[in-house]
Amino acid sequence: MAAQLSKAKQRQHAKKRAAQVDVLARLEGRPAAELVRSAPATTPWLVLLNASYDAGIDGAALVAALAPLAGFVRAEMHLGSRPYSFALFASPEEAEAACEALDGAAVPAWGGKTALVALAAAPPRGLPPRPLADPAAAASAVPGITLFAGFVESPDEEAALLTSAEAAGRAGRWESLAQRRVQHFGFRFDYPLNDVDRAAIDPAAAAADPTTAAAAAVLPDWTHPLLDRYTRMFPDRARPDQLTLNHYTPGGGIAPHTDRHSSFLSPVLIVSLGAGLVMEFRTRIRDAPPSDSDPAGSSSNSNGADVANYGTDNNAPDPAFRTVNIYLPPRSLVVMDAEARYGWEHAIRPRKMDLIDGLVVERRERWSLTFRNVRQRHDPPCTCGFTALCD
Ligand SMILES: O=C(O)CCC(=O)C(=O)O
Ligand SMILES: [Fe+2]
């Protein structure tokens, strides 16, 4: 520990540290001796006893204190409800030197807070799984998901899209829902009715080409470069004719749902703007009994207008479902097709932060463009076979 402390301060520090070790042992459900040890280090892990998102330190602040220390590899945080985090070093010796340097030091990146640090007796257990960020991993975990980072080609293009979206909003188009606000283009989704309104939004355009409603649906000019790009990537696919623009502030979200099968065809496209975010995908485990947070035992096929009911823990996955978290970076496109479109639900948990690469990152305002093709009366009905989710 920082050597310059007086004897009295050292005693005080040791007491605080012991109290935090007790908290660690209680929350981890293991004796302290299995969790922390005194020198020499036998593992390359440190326990940062009083540094976590709940303790007021986010991922960036945590790393700011650790990155200058020799051999620092990475940190592992919990999303919430723990006062501690973990740090991995390249060797036990480097972990020990880092512990010596940091324990008892006032850390500027933590607002001057005094660090309480211990050598870990074993690697951490029970860390939350990292959201998938790699497109290949996402595609194999949720069949039918294709993630394209950098679909919107530059921050400038992103800023221009957001300016256009905001301008449309100033024209009074925002519709406020429980945890987000939306604007519809082409065709409007009627949440109380739980179906798309098949009368195209732009009646003049519809009158100009009354042959098919799809041809008459007009998406705003500012979306055309994105749709052209998508059509070049997937020349065999129909050009989307419906857009829902969603706007979320931190803490907002969307309940688990599948975009209504009878309202929309496949695929569904989501472009993320302004900020990235972790999206939850889930599919019911066959034969799992209905859980408390899903009392009817039925999944929503509602286009996500309602407020999510996650029971007591806002972050715990529902055991009745196989759940996969995928990080959607800003400017990315995710295409949900096949099983991902029809057999899985997607959701955004209403919280203010996400766990990205082991670090808690505060959410920022996010806009998403959800492009779809309306299932018109002349289209065949859905025959997906995912009966629980199909209307
Ligand atoms: O904002 C998002 O990324 C999801 C939106 C969505 O699921 C929807 O509009 O149906
Ligand atoms: Fe959706």
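A: Ala-338 lies in helix α9 (residues 338-342), where helices (H or I, at least four residues) and strands (E, at least two) are DSSP runs numbered from the N terminus. The structure is a predicted model, in which local features need pLDDT of at least 70, side-chain atom pairs count only at pLDDT 80 or more, and totals for chains, interfaces and linings use all residues. Residues are numbered from 1 along each chain as its sequence is written, while chains are lettered from A and ligands numbered from 1 in the order in which they are written.

Although Ala-338 is not a glycine, its phi is positive, at about 50°. Most residues other than glycine have a negative phi, and most peptide bonds are trans. Ala-338 counts as partly exposed because 14 other C-beta atoms lie within 10 Å; a residue is buried with 20 or more other C-beta atoms within 10 Å of its own, exposed with 12 or fewer, and partly exposed in between, the C-beta atoms being placed from the backbone.

Asp-357 also has a positive phi without being glycine, with a value near 50°. Asp-357 sits in the loop between β20 (353-356) and β21 (359-362). Its 13 C-beta neighbours inside 10 Å are why Asp-357 is classed as partly exposed.

Two peptide bonds also deserve attention. The bond from Ala-39 to Pro-40 is cis, with omega near 5°, and Pro-40 belongs to the loop between β1 and β2. The bond from Ser-266 to Pro-267 is likewise cis, with omega near 5°; Pro-267 is found in the loop between β14 (254-257) and β15.

Of the 391 residues in the protein, 41% are buried. An automatic or database assignment of domain bounds divides the protein into domain 1 (7-120) and domain 2 (135-372). The contact between them takes 11 residues from domain 1 and 8 residues from domain 2, two residues being in contact if their C-beta atoms, placed from the backbone, lie within 7 Å. On the domain 1 side, α2 (59-66) and β3 (72-76) are the elements that give two or more residues.

One open sheet has 5 strands in the order β1-β7-β2-β4-β3, with antiparallel pairing; strands pair if DSSP finds at least two bridges between them. Its edge strands, each pairing on one side only, are β1 (36-37) and β3. Within this sheet, 4 bridges join β2 (residues 45-48) to β4 (residues 85-89), and Leu-46 has Ala-87 as its bridge partner in β4.

Another open sheet has 7 strands, ordered β8-β18-β15-β22-β13-β10-β9 and paired antiparallel. Here the edges are β8 (145-148) and β9 (175-176), each with pairing on one side only. Strands β9 and β10 (residues 181-185) pair antiparallel over 2 bridges, and Ser-176 is partnered by Arg-181 in β10.

Strands β16 (residues 277-284) and β17 form an antiparallel pair over 8 bridges, with Leu-328 of β17 as the bridge partner of Leu-277. Strand β17 (residues 321-328) has 7 of its 8 residues buried, so this strand is largely enclosed by the rest of the structure.

The largest nonpolar core has 48 residues, and those with the most contacts inside it are Leu-269, Val-271, Ile-326 and Val-334; such a core is a set of buried Ala, Val, Leu, Ile, Met, Phe, Trp, Tyr and Cys residues joined through C-beta atoms within 7 Å. Strand β15 (residues 268-273) gives the most to this core, namely 5 residues. With residues up to four places away in sequence left out, Val-271 touches Phe-151, Val-152, Leu-226, Leu-333, Ser-368 and Leu-369. A second, separate core contains 38 residues, including Ala-87, Phe-89, Leu-102 and Trp-110.

Leu-245 is part of strand β13 and counts as buried because it has 25 C-beta neighbours inside 10 Å. Leu-245 and Leu-369 are separated by 124 residues in sequence but by 4.7 Å in space, C-alpha to C-alpha.

Finally, ligand 1 is surrounded by 10 residues, the closest being Thr-244, Asn-246, Ile-270, Ser-368 and Thr-370; a residue is near the molecule if its C-beta atom, placed from the backbone, lies within 6 Å of it. Strands β13 (242-248) and β22 (366-372) each supply at least two residues of this shell.
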